Amino acid sequence: MSSDERERTGLYVESTIIMTTVRVVSPFVLTFALFVMFHGANSPGGGFQGGVIAGSVVMMLAFAYGIDAAREWLDVRVVAALASGGVLLFAAIGLGTMLLGGNFLEYHLYEQFLSHATAYGIELVELGIGGIVASVAIGLFFLLAAGFGHAVDSPEGES
């Protein structure tokens, strides 16, 4: 295939097998990501690992259905909201204990309001970290997929 033909067709090649496989596997991978996030306190895993797995779901969809289609499906505002929500959740739980007179992320101070608050606090922090990591992984993937051609083609000062 010549470079002209490659430019006309693009890098994306539609495959029914890959699309069907990704359609079937994606919900299970996302469920596994949530499992890893929620069991991070008691077993190997946690928010970082679960977030990477959750971000890989978007990458699988992009490889199967095309990066442009995935970018249209998942708006950048959703990715930014996921990252912001994770940071806010983490900060709210951590700073809440400081407002109660304790140290940052001293979960047992919430026990006066809610039984098993320590477990819930850890799980919410893991969920927040997972959201942050997933959004960063997705954002980096989309940035790398966009390529560096626009930065090379236009000299500084021209757009």
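At what angle do helix α2 (residues 16-38) and helix α3 (residues 47-65) pack, and how far apart are their axes? In this predicted model, the two helices pack at an angle of about 170°, and their axes lie 8 Å apart. Because angles over 145 degrees count as roughly antiparallel, α2 and α3 are placed in that class. On the side of α2, the contact is made by Ile18, Met19, Val22, Arg23, Val25, Ser26, Val29, Leu30, Phe32, Ala33, Val36 and Met37, while α3 contributes residues including Gly47, Gln49, Ile53, Val57, Met60, Leu61 and Tyr65. Sorted by class, this contact of α2 with α3 holds 17 nonpolar, six polar and one charged residues.

A further helix pair is formed by helix α5 (residues 76-99) and helix α6 (residues 117-146), whose axes come within 8 Å and cross at roughly 150°. The helices α5 and α6 are therefore also described as roughly antiparallel to each other, and the crossing in which α5 passes α6 is left-handed. From α5 the contact draws on Val79, Leu82, Ala83, Gly86, Val87, Leu89, Phe90 and Ile93, and from α6 on residues among them Gly121, Leu124, Val125, Gly128, Ile129, Ile132 and Ile138. The class count for the contact of α5 with α6 is 13 nonpolar, six polar and no charged residues.

Turning to charged side chains, a search of the whole structure finds two salt bridges. Side chains of opposite charge can pair when their charged atoms come close.

| Asp68, 53% | Arg71, 31% | 3.6 Å |

Asp68 and Arg71 both belong to helix α4 (residues 67-73), where they are three residues apart, about one turn of the helix. Asp68 counts as exposed because its relative accessibility is 53%, and the cut-off for that class is over 50%. Arg71, at 31% relative accessibility, is instead partly exposed.

Methods. Residues are numbered from 1 along each chain as its sequence is written. This is a predicted model: local features need pLDDT of at least 70, side-chain atom pairs count only at pLDDT 80 or more; totals for chains, interfaces and linings use all residues. Side-chain values use heavy atoms; hydrogens and water are left out. A salt bridge is a side-chain nitrogen of Lys or Arg within 4 Å of a carboxyl oxygen of Asp or Glu. Helices (H or I, at least four residues) and strands (E, at least two) are DSSP runs, numbered from the N terminus. Buried means under 20% relative accessible area, exposed over 50%, partly exposed in between (1.4 Å probe, protein chains only). Axes are lines fitted to C-alpha atoms, for helices over the stretch in contact, and angles run from 0 to 180 degrees between N-to-C directions. Angles under 35 degrees count as roughly parallel, over 145 as roughly antiparallel, 65 to 115 as roughly perpendicular and the rest as oblique. Contact means heavy atoms within 4.5 Å. Ala, Val, Leu, Ile, Met, Phe, Trp, Tyr, Cys and Pro count as nonpolar, Asp, Glu, Lys and Arg as charged, and the others, Gly among them, as polar. A crossing is left-handed if the near helix is turned anticlockwise from the far one by less than a right angle, and right-handed if clockwise.
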